[in-house]
Amino acid sequence: MMPVTAIQNLDSKISSEFYNQAASLLIVRISAIGDTILAARTHQWARDKGYRPFLVTHANNASLLDCMPLLVGACLLGEHGFKFLLRRSNTSGFDEVDVKHFALALADSEKATFDPDTKKLSATVQLADLQATRRSRRAIQELKIKLAEFGLSVRRHEVRKITLWRILLVVWSFLNFRQRSGVTPPKWIRNKLIPVYRLQKSLLDTLPTLPAILGAEEKRPALLPPGSNLVVNSEIDPENGHVVLLLGSSHKLKSWPQAHFRKLIELILERTSLKIILCGGPDDRLVATYLAFLNSSRIVDLVGKTPLSETMFLIQNARYVVTGDSFASHAADLLGTPASVLFGATHPLLGFAPENPHATVHHKDLSCSPCSRHGQGECKYRNIRCLTSITPEEVFTKIEQVLARGRQLPDTVPTDD
């Protein structure tokens with residue numbers, strides 16, 4: 001047997017820092033972009049515990065990897081199985097590797113051994129399942145089989161689920177047959193609805209603490225968009241700044257009315273010197289056209305025109321962000337950008353509200369909220385009052401307050417203290 005560090009003839013693109021005598025942690029979050037961004041805090045927590053973080057996620061989230069500087073590697077699950085990636089040693093980005101090289105990178109160089117006769121490793125890798133669903137369990141089982149071919153075993157740790165209490169919150173709102181304001185859920189439900197990031201922190205707290213990774217004491221950001229292209233850079237006004245408006249969400253019951261966006265734009269144009277950058281997906285093109293019709297040189301329509309990493313770059317450099325319950329709220333939360341997060345059909349108690357004080361949660365405490373866990377469906381009252389009652393004036397007031405005091409960056413890694 002020989003230590004893993006003695007294995008020769010590895011691909012020269014793979015960084016030697018993979019074999020720095022630190023154990024690895026596979027972090028599993030095979031879900032939407034927003035959930036994956038929300039889980040980025042675990043990358044720093046993993047380093048604090050003495051682990052090098054590897055992400056297991058859906059292939060649709062590949063563009064996020066360049067925004068996550070603490071990741072050593074990633075395993076992307078797509079239609080045709082897994083794709084394995086390792087961070088390059090001297091440049092940004094990741095290289096695709098075969099499962100053998102991925103297994104070598106995962107192996108704990110202090111404890112793992114390599115048998116040149118069987119060409120197998122002998123090591124155990126910790127895995128944090130932040131999803132704990134049938135989908136994640138199937139993917140983990142498949143990954144286990146692939147890694148076992150090279151002698152790696154996986155020890156799975158599962159996040160505590162609060163699905164039942166989320167469902168009870170939806171049921172409670174459904175049983176409120178009148179649409180009333182200022183109604184809060186009963187305490188016996190509220191006390192069980194723990195924020196997602198706290199559940200994830202609790203899971204990582206159960207892992208064995210290992211010797212610190214060199215440099216781990218530096219609180220490096222878990223989310224950091226790379227430098228952007230010339231087109232996006234040209235829209236950033238260093239003197240006056242810009243506000244980013246995210247026009248859509250995954251479901252219409254999470255999307256602020258376009259008339260409200262238009263009024264907010266008018267207020268920004270009239271009372272500030274901010275540039276307004278419209279962002280969103282291809283499905284938001286009609287709304288963007290309606291808003292850009294105001295025909296001001298200070299309105300920049302980038303809806304459907306920028307990749308995710310560049311949208312995140314704009315959020316990072318914005319004076320303010322206005323968004324629904326979407327990936328942008330989690331990005332602004334982690335990047336330290338002041339934001340208004342507009343909750344409609346969903347509810348902050350479901351666990352996905354921003355945690356840092358620079359983000360303002362707008363929610364009207366209607367008795368019918370939440371009407372679903374994810375914002376799907378139709379408003380049974382046909383008025384979407386949860387969103388229409390959030391006025392452009394109250395959102396603009398928050399923007400004015402931020403402009404008046406200047407941007408104050410908080411810690412981007414919340415603690416339980």
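**Salt bridges in close-up**

**View 1. Arg29 and Asp35 are joined by a salt bridge.** Their side chains meet with N and O 3.4 Å apart; a salt bridge is a side-chain nitrogen of Lys or Arg within 4 Å of a carboxyl oxygen of Asp or Glu. Side chains of opposite charge can pair when their charged atoms come close. Arg29 is buried, at 10% relative accessibility, and Asp35 is likewise buried, at 18% (buried means under 20% relative accessible area, exposed over 50%, partly exposed in between, with a 1.4 Å probe and protein chains only). This is a predicted model, in which local features need pLDDT of at least 70, side-chain atom pairs count only at pLDDT 80 or more, and totals for chains, interfaces and linings use all residues. Residues are numbered from 1 along each chain as its sequence is written, and side-chain values use heavy atoms, with hydrogens and water left out.

**View 2. Asp95 pairs with Arg88 in a salt bridge.** The closest N and O atoms are 3.0 Å apart. Asp95 is buried, at 14% relative accessibility, whereas Arg88 is partly exposed, with a relative accessible area of 32%.

**View 3. Glu235 and Lys275 form a salt bridge.** The N to O distance between these side chains is 3.6 Å. Glu235 lies in the loop between helix H8 (230-233) and strand E10 (242-246), and Lys275 in strand E11 (residues 275-279), so the pair ties together parts 40 residues apart in sequence. Helices (H or I, at least four residues) and strands (E, at least two) are DSSP runs, numbered from the N terminus. Glu235 is buried at 17% relative accessibility, and Lys275 is buried at 16%.

**View 4. Salt bridges link Asp129, Arg137, Arg156 and Glu158 in a network.** The structure as a whole holds 10 salt bridges.
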